[in-house]
Number of protein chains: 4
Amino acid sequence: MRLVHVDRSADDHRIKDLNVSTRLRGDMEAVHTRGDNANCLTTDTQKNTVYALAREHGVAAAEDFGLLLARHFTGEHAPVHGAAVELQEFAWRRIPTAEGPHGHAFVRSGAETRTAVVTADRGGEWVVSGFEGLTVLKSADSEFRGFPRTRFTTLAETDDRILATDVTARWRYVAESSAPGRAPQAADWDAAYEQVKALVLEAFATTRSLALQQSLYAMGEVVLRERADIAEIRFSMPNNHHFAVDLAPFGMDNPNVVLHAADRPYGRIEAAVERDDAPDAGRAWDSVPGFV
Amino acid sequence: MRLVHVDRSADDHRIKDLNVSTRLRGDMEAVHTRGDNANCLTTDTQKNTVYALAREHGVAAAEDFGLLLARHFTGEHAPVHGAAVELQEFAWRRIPTAEGPHGHAFVRSGAETRTAVVTADRGGEWVVSGFEGLTVLKSADSEFRGFPRTRFTTLAETDDRILATDVTARWRYVAESSAPGRAPQAADWDAAYEQVKALVLEAFATTRSLALQQSLYAMGEVVLRERADIAEIRFSMPNNHHFAVDLAPFGMDNPNVVLHAADRPYGRIEAAVERDDAPDAGRAWDSVPGFV
Amino acid sequence: MRLVHVDRSADDHRIKDLNVSTRLRGDMEAVHTRGDNANCLTTDTQKNTVYALAREHGVAAAEDFGLLLARHFTGEHAPVHGAAVELQEFAWRRIPTAEGPHGHAFVRSGAETRTAVVTADRGGEWVVSGFEGLTVLKSADSEFRGFPRTRFTTLAETDDRILATDVTARWRYVAESSAPGRAPQAADWDAAYEQVKALVLEAFATTRSLALQQSLYAMGEVVLRERADIAEIRFSMPNNHHFAVDLAPFGMDNPNVVLHAADRPYGRIEAAVERDDAPDAGRAWDSVPGFV
Amino acid sequence: MRLVHVDRSADDHRIKDLNVSTRLRGDMEAVHTRGDNANCLTTDTQKNTVYALAREHGVAAAEDFGLLLARHFTGEHAPVHGAAVELQEFAWRRIPTAEGPHGHAFVRSGAETRTAVVTADRGGEWVVSGFEGLTVLKSADSEFRGFPRTRFTTLAETDDRILATDVTARWRYVAESSAPGRAPQAADWDAAYEQVKALVLEAFATTRSLALQQSLYAMGEVVLRERADIAEIRFSMPNNHHFAVDLAPFGMDNPNVVLHAADRPYGRIEAAVERDDAPDAGRAWDSVPGFV
């Protein structure tokens, strides 16, 4: 469901724009086998709950709101044993005017979508933050050589190719000293998000790439080094091929200047970078689609 | 990658139209940490391999072609330990003409997309068949009552609602007596597919629904009863809400005649129906996205 | 807006599933320049009107329902001078069961979407019927030769290529003897639709194609020959390229057997086929997007 | 077709990322009626031409590249009478690093897509610039009152609603003193683009809205006032409804704080704002889809 929350408590409004999905597990045998709905918390009730809790508590970071919801669903209704809340957040910024940033007029910004997945059950709580759709490209400092040649290999080796991908990343927080069964807590979810995104971008930019896999690993390594509260980071990155067009038939050279951007990603790299001493992931990744 | 294969060996051509995704696992540490690509079978080579094997062996059922590819990738290249091949198949039928069905002119047919996921590693082979996007609707014989009422529940109980969903189903085959580590084998993948689809449709149509969950279970139960070679079937089904429009302000009643089809599915039901004596699933579901 | 209408008057229900868009023209200067909304029939009212008229009159063919709406909007509200109603219709068929086709359980069918655009103003009424997304392919009897060669031409001539396209067609009806300003009337909109679709498919199948443009013309010509009540038919058809994969590096030939289906249509052919004596199109095409 | 051009002439690379569509008109009767392709400039040749001209001349602003292509196609090949070139441009910015903006690593930026449509034939040249997908929202200063009430009106009047839309805008340039038949020329296409976008955003932010139509008019008026070289600007803007959720059943008020963002835009406002003394539009709008 799409939830927009406007904090009107100050003259300058603040907006949060979220897609919220809730997923409950529990004693659901009767509803499946006999159509007995006594344990089935309806989606309509779940939807109303999201709206009402947003009104009662406001909406801070996506991770905080996810924790609020996950604890509510597992705490309030006995047949529900576990809850997973997935959130997507769309960023807005104030419209600039002659008098400065406007107080209640906004324009959607940013290319990537911020994500959070909060999972809770009787044994614990897990927070996975991330983003999707961060599209990046390097026009130099990327090579691809030394791969095996089978009878079906035609690809030429190259020491100068275009490297482009859409980064989807998700990282799992650990608590430094959390009470048993309570969520890990970043000092500041928003600041952590901005730092991880900046680290990933800079690592992509400054690593001479020998393979997209190696760029991925470098991006993960720097995040684990700089953030002690992150135990593991996972990436899913298609290889957005940009091929130099063959202009020789027209008597022209083409040193990676005119490129054909292929629509279909032929390769997708997925991998996790995890600390050697990372605590067990528990249910953290249970609701995360399409990952390693 | 999109592969179209035309069997031109007879006067009447036959076409297979497939999306094929391959996913390999293996010794990939060096490429990630050192950019050493010696073990990295490039996506370009994988793509060429799919084309070349299609030419060498033709394309029978999606499941057969998936097995062919999975065995090739795990058998030919030592650092590759396992392979998963996902296939989508788009159906075509011959264009009817005054002289009967045309021999080489086709029109795309069918609403649903057939799927197959074949997984292989050194320990075994697994085949999961399925379809996605089979959209169904019942305009009677559906009720929804007896659900719990919390302080956030507003939904009224009903003994006459519209029930609509898009069925995604995936089922896992077992061999009755297969050689160790060889794939389960349906007598005929195409016939099995048509039978499962027909059983699912008929169960949806003829079950008086007390909840979408209960319809789901009925659909799974009949498949397991009729097909001894299927160990488990999983469904993912959104609840495509159709609300009766309130026409009372205009002096009209509306006994579920004029409906507003809401765009956003507020609920999605996912569940597996498995035989009590089903063998272990192994890696069958490893590459299946978004399922229970 | 999405409207689903269930005719429950007989034991066997009948359903109509439509996307309806209404577009009004009229005296709208005050609302734009002064924010005076006195002439502005709100979209909320338009939406309610569609629902209420569906309840009052039922929903017959899409064209009939479009005429009903267009006449209502131009007749009931003085500042509105003209109305265009665009409709998309999604087909359903009864689910087959052991007892025959089910009375109130349906499965979505058909690949193509039926369309209708009805335009009305004080001077007349126009009906344009059509479909979109009818995907067809010929694996033989298609060539492409004799095109001009410029300094940028590399394409080889061929007398055997795969021809594939997604046909979007729209045709304009004329009245044989209609009262002035009244809509043209097909004897039976549904029968006319099925006949045009069948004619288009058969012409595609049986014409040896020298160019997609020539196939298009043949498809239009047969429709005008067989239906005296159609004045003009327009097509928009991308050229869905299917290239034979080069397998020579692997020592294999490939006589159009293994094909790469390119995602991006590089060419789109749009043309109208009109009778020499066709009456003026009036406003028939005013609301039709993306056509010649 | 998707064209990426990397200008590597300086240490800091510059990239242009464009979707380019070309559309030619001319003597095409023979190809349609007889399959005689002698006048048919193939799409493959058109594609090659775009790549080759990008190599020969580089890619400056989208408008410049469109003019280059349109002039080429109408000048080089006699049977082609006219050409329309549609371009979409995707923005990238340099990745920030500790050493400053990176010289050859980029991240996709911006929410909106820049567009240009250049049309040329023997009689003249026309340039239409624009953008699509600029999503904006006002959480105050928007009302909607005084609209007509019919028997199907239920909407309440309001003096405080959320106003949100996705702005698509296209504007037509005029030459102040151009040679006959030559394109209008903005002093600087890029600067003009940034100015128009900023004017549109500020007008949306600072206009107290009585109707979306009135906001639209205010946005167009300021552009025509500030840019003498723009004759007309057109908008297409859906009304992205954000409804306050009814929380009264849970004992809560909701003064536009918790909002349900409806997926489907029920209304779309399209209008042109044109100077009184604007020159004739000629073929400027011929290829512009979905506009007034």
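Student: Through which surface do chain C and chain B meet, and what share of the interface residues of chain C are also interface residues in chain B?

Tutor: Keep in mind that this is a predicted model. Start with your question. The copies meet through the same surface, because 100% of the interface residues of chain C are also interface residues in chain B. Now look at how chain C is placed. A rotation of 180 degrees superposes chain C on chain B, with 0.0 Å of shift along the axis.

Chain A comes next. Chain A is also superposed on chain B by a rotation of 180 degrees, with 0.0 Å of shift along the axis and an RMSD of 0.0 Å. Of the interface residues of chain A, 100% are also interface residues in chain B, so these copies meet through the same surface.

Now go inside chain B. Take helix α2 (residues 43-57) of chain B and helix α3 (residues 62-76) of chain B. Their axes lie 11 Å apart, and the helices pack at an angle of about 125 degrees. That makes α2(B) oblique to α3(B). The crossing of these two helices, α2(B) and α3(B), is right-handed. Which residues touch? From α2(B) come B:Gln46, B:Thr49, B:Val50, B:Leu53, B:Ala54 and B:His57. They meet B:Phe65, B:Leu68, B:Leu69, B:His72 and B:Phe73 in α3(B). By class, the contact of α2(B) with α3(B) has 7 nonpolar residues, 4 polar ones and no charged ones.

Stay in chain B and move along to another pair. Helix α4 (residues 189-206) of chain B packs against helix α5 (residues 212-226) of chain B at an angle of about 140 degrees, with the axes 8 Å apart. That makes α4(B) oblique to α5(B). The crossing of α4(B) and α5(B) is right-handed. On the α4(B) side you find B:Gln195, B:Val196, B:Leu199, B:Val200, B:Ala203 and B:Phe204. They meet B:Ala218, B:Met219, B:Val222, B:Val223 and B:Glu226 in α5(B). The residues of this contact between α4(B) and α5(B) divide into 9 nonpolar, 1 polar and 1 charged.

Now find the pair in chain C. The axes of helix α4 (residues 189-206) of chain C and helix α5 (residues 212-226) of chain C come within 8 Å and cross at roughly 140 degrees. α4(C) and α5(C) are therefore oblique to each other. Their crossing, α4(C) with α5(C), is right-handed. In α4(C), the residues in contact are C:Gln195, C:Val196, C:Leu199, C:Val200, C:Ala203 and C:Phe204. Their partners in α5(C) are C:Ala218, C:Met219, C:Val222, C:Val223 and C:Glu226. The contact of α4(C) with α5(C) holds 9 nonpolar residues, 1 polar and 1 charged.

Finish with confidence. Chain A averages a pLDDT of 89, and 93% of the residues score at least 70. Among the elements of chain A, helix α4 (residues 189-206) of chain A has the highest mean pLDDT, at 96. Strand β12 (residues 267-274) of chain A has the lowest, at 85.

Key:
Residues numbered from 1 in each chain as written. Chains lettered and ligands numbered in written order. Predicted model: local features only at pLDDT ≥ 70, side-chain atom pairs only at ≥ 80, totals over all residues. Heavy atoms only, no water. Axes fitted to C-alpha atoms, helices over the stretch in contact; angles between N-to-C directions. Helix = DSSP H or I, 4+ residues; strand = E, 2+ residues; numbered from the N terminus. Parallel < 35°, antiparallel > 145°, perpendicular 65-115°, else oblique. Left-handed = near helix turned anticlockwise from the far one by under 90°. Contact = heavy atoms within 4.5 Å. Nonpolar A, V, L, I, M, F, W, Y, C, P; charged D, E, K, R; others polar. Least-squares fit on C-alpha atoms with pLDDT ≥ 70 in both. pLDDT = per-residue confidence, 0-100.
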